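Hi,

Here's the structure I promised to pass along.

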Amino acid sequence: MKYIYIFLILFSIFHDNLTAQCFSSINPVGGVSNLLVLEKNTLRLIGSYHYGLSNKYYEGHKKSDYSLIEKADYNYSGIIIAYGVFSKITLEAETGYFFNKTYRLENSTNTGYGFNNIIISPKFSLITNHDKRFFVSGSAGIKIPFTRELQKVEGVKFSHDMPSSTHHCEYLVQAFMVK
């Protein structure tokens, strides 16, 4: 029970740093956050398909009058590979492919496609209590773009929102709790 209190205290301290991304339909989330660290020499392979659509936009809890993008959608397939390197450490890699990543504007439609970033991160088992079924693990990793060039389709160079890759490295730190 004390771990739940610790988690709630940490969440209340750092909650101001939590943000959301616009057009979440263009940013598919895979994830293995509810999966525990693997046993040594164990392989996990997860395949997924995501379809997302954004056609209503909100500011706070009210519907926005935003109208620049009428609709945004994507078709995305992802893969997550994990391997138990040691009994308390799992190495994970995640990537995917956008079959389409589309913005429909008032006068045009822009569609990008291609490989997404690759995420590489070790996951560490921090607390394991099988009797109480309570587990805490942490992860730190890096998101690496497949390309640093903006995508061009039919001679049109897309903005940073359209290509399948973010074009820059990002660092990730995560904490997971299973009860």
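Predicted model: local features only at pLDDT ≥ 70, side-chain atom pairs only at ≥ 80, totals over all residues.

Now the overall picture. Of the 179 residues, 34% are buried. Among contacts between residues at least 6 apart in sequence, 61% join residues at least 24 apart. The accessible surface is about 12,000 Å², with 58% of that belonging to carbon and sulfur atoms.

On to the rings: there are four aromatic pairs in the whole structure. One of them is Y74 with F98, which counts as edge-to-face because the planes sit at 80°, with the centres 6.0 Å apart. Y74 is in strand 4 and F98 in strand 5, so this pair ties together parts 24 residues apart in sequence. Y74 is buried at 6% relative accessible area, and F98 is buried too, at 1%.

Y97 pairs with F115, also edge-to-face, at 5.1 Å centre to centre and 75° between the planes. Y97 lies in strand 5 and F115 in strand 6, so here the parts joined are 18 residues apart. F115 is partly exposed, at 49%.

Ring pairs also link Y74, Y76 and F98 into a cluster. The charged end of K101 sits over the F98 ring, 4.9 Å from its centre, while K123 lies over the face of F176, 4.4 Å from the ring centre.

Cheers

Methods
Residues numbered from 1 in each chain as written. Heavy atoms only, no water. Buried < 20%, exposed > 50% of the residue type's maximum accessible area, 1.4 Å probe, protein only. Contact = heavy atoms within 4.5 Å. Areas by Shrake-Rupley, 256 points an atom, 1.4 Å probe, with all protein chains shown as cover. Phe/Tyr/Trp six-rings, centres within 6.5 Å; stacked < 30°, edge-to-face > 60°. Helix = DSSP H or I, 4+ residues; strand = E, 2+ residues; numbered from the N terminus. Lys NZ or Arg CZ within 6 Å of the ring centre and 35° of its normal.
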